[in-house]
Amino acid sequence: MRLSRRALLAATTAAASLPSAAAAADRHRPLRTGFERLAADGYSVLEGQKAGIVTNPTGVTRDVRHIVDVMHADERVNLTAVFGPEHGFRGTAQAGGSEGRYDDPATGLPVYDTYLKSGRPLADIFTASGVDTVVFDIQDAGARFYTYIWTLYDCMEAAQLAGKRFVVLDRPNPVTGRAAQGPVLHMEFATFVGRRPISQAHGMTVAELARLFNGEFLTTPVPLETVRMTGWKRSEFYDAWDLPWVPPSPNMPTPDTALVYSGTCLFEGTNLSEGRGTTRPFELLGAEGIDGRWAAAANELRLPGVSFREAYFAPTFSKFQGKTIGGVQIHVHDRAAYDPVRTGIALLVTAKRTWSGFSWRADNWIDKLTGSTQVRTMIDAGASAAEVVAGWQGELAAFRRVRREYLLYK
């Protein structure tokens, strides 16, 4: 990593300072999202600009109106384009899909497809759209391999190439911003589920990530402005507030899903089901031939904040579609103590030890998810979960030091 460019960040606009401290349990303390603050300020950050926005169904107001509809109807802002990520602007596509180029029936605005586009091709889309400023407002889930943060990165890079301003409207990290956890990506394993070396659970908001990307990873920084939240504290989970939860993607139905996702998404790199096609994706894990021994082995580890139940389920799509399979359901009983990445590793270790049918995906997708070969090779060599976790502590400590420079909230 390059050293932080403090001088650059000093010039970056952060719309306002935090309010005075209040108890985390005080639900009367107001939280205002970046969009709420943007609108309350009369869209002054966008004054005189043709604006295009990168968003999806999570870009909603507190009364669940989509911000594109709100902005389009407000004469104080000149919204001229929408840019849709994976799953699309209105959210009609499943994992690995997008909506393509079309005109939005509700507003008549042109919608451009950004999914899997980066660099000059994406810059050309921003140029063709005619916008002056690209705005980003998408709810993240807190994990490195949740692709919207890399949509953010790609759009920042492309906006710089196209000579556009970039504005990030902040929203809470649903699983808190307390700490970074897990292994750090090695650049030889960079893909769309991890462009740059950050930890598996980053513990940052999208505005903080934008500052990190601009200060550490972009070859040439983009003119960046962040519209911060007010009232948010790093220790707070999503349900501390009355904000509506809109699934950021079809398999992220609740904040509970986000809580476990940064650990159990690793099962996408195995031949086990990660629970897609059930009502509890990433909380239910299993395969044909697994019985109660897996849950028993996982419970014997006495991992903090979590218990495991022997479970049987039949996915309606994805792996094992229509078949009844055995496995575990994750039950988090103490969110503050729970470590999702450590738990995910422990479940991989115990699955391999208790089920003879365990295997990694043939393409070693697990290496892309964890960011190196280390997790896979250590588990194959018989390492315990504690030994695997210990293996990434040095690189995690280095990332935490860099991360600290870009945090906006206490």
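# Notebook: cavities, cores and a buried helix

I began with the second largest cavity, whose lining is Pro174, Phe237, Tyr238, Asp239, Pro255, Asp256, Leu259 and Arg335. The model is predicted, so I kept its rules at hand: local features need pLDDT of at least 70, side-chain atom pairs count only at pLDDT 80 or more, and totals for chains, interfaces and linings use all residues. Residues are numbered from 1 along each chain as its sequence is written, and side-chain values use heavy atoms, with hydrogens and water left out.

**Entry 1: cavities**

I noted the terms before going on. On a 1 Å grid over the protein atoms alone, a cavity is a set of points where a 1.4 Å probe fits but cannot get out; a pocket is an open set with protein on both sides within 12 Å along at least five of seven lines; lining residues have an atom within 4 Å of a point. Grid points are joined across faces, edges and corners, and a volume is the space filled by probe spheres set on the points.

The second largest cavity holds about 50 Å³ of space. Its lining has five nonpolar, no polar and three charged residues. Here Ala, Val, Leu, Ile, Met, Phe, Trp, Tyr, Cys and Pro count as nonpolar, Asp, Glu, Lys and Arg as charged, and the others, Gly among them, as polar.

How many cavities of 30 Å³ or more are there? I found three. The largest cavity holds about 90 Å³. It is lined by 13 residues, and Thr58, Val60, Arg171, Tyr238 and Pro244 lie nearest its centre. By class they divide into six nonpolar, four polar and three charged.

**Entry 2: helix α7**

I turned to helix α7, residues 255-264. Helices (H or I, at least four residues) and strands (E, at least two) are DSSP runs, numbered from the N terminus. Buried means under 20% relative accessible area, exposed over 50%, partly exposed in between (1.4 Å probe, protein chains only).

Why is α7 called largely enclosed by the rest of the structure? Eight of its ten residues are buried, so the rest of the structure largely encloses it. The buried ones are Thr257, Ala258, Leu259, Val260, Tyr261, Ser262, Gly263 and Thr264. They pack against β9 (199-201), β11 (284-287), β13 (325-332) and α9 (340-354), where contact means heavy atoms within 4.5 Å.

I also checked the N-terminal end of α7. Threonine 254 caps it, with a side-chain oxygen 3.2 Å from the backbone nitrogen of aspartate 256.

The largest pocket has a volume of about 410 Å³. It has 25 lining residues, and Glu86, Ala95, Thr147, Glu268 and Arg276 are the closest to its centre. I logged the classes as 14 nonpolar, five polar and six charged.

The second largest pocket has a volume of about 210 Å³. Of its 20 lining residues, Val175, Thr176, Arg178, Gln181 and Pro340 lie nearest its centre. Which element gives the largest share of this lining? Helix α7 does, with four residues.

**Entry 3: cores**

A nonpolar core is a set of buried Ala, Val, Leu, Ile, Met, Phe, Trp, Tyr and Cys residues joined through side-chain atoms within 4.5 Å. The largest has 108 residues, and Leu152 and Phe166 have the most contacts inside it. Helix α5 (residues 148-162) gives the largest share of this core, ten residues. Apart from it lies another core of 21 residues, including Phe35, Ile53, Val77 and Val82.

I followed leucine 152. Leaving out residues up to four places away in sequence, it touches Phe136, Phe166, Val168, Val206, Leu209, Ala210 and Phe213.

**Entry 4: single residues**

Threonine 350 lies in helix α9. It counts as buried, at 5% relative accessibility. Its side chain makes a polar contact (3.0 Å) with the side chain of tryptophan 294. A polar contact is a pair of N or O atoms within 3.5 Å; within protein, one must be able to donate a hydrogen and the other to accept it, and residues adjacent in sequence count only if both atoms are side-chain atoms.

Last, I looked at phi. Most residues other than glycine have a negative phi. Valine 64 has a positive phi of about 55°; it sits in the loop between β2 (50-55) and α3 (67-72). Threonine 176 has a positive phi near 80° and sits in the loop between β7 (165-169) and β8 (181-184). Which of these is buried, and which exposed? Valine 64 is exposed, at 53% relative accessible area, whereas threonine 176 is buried, at 4%.
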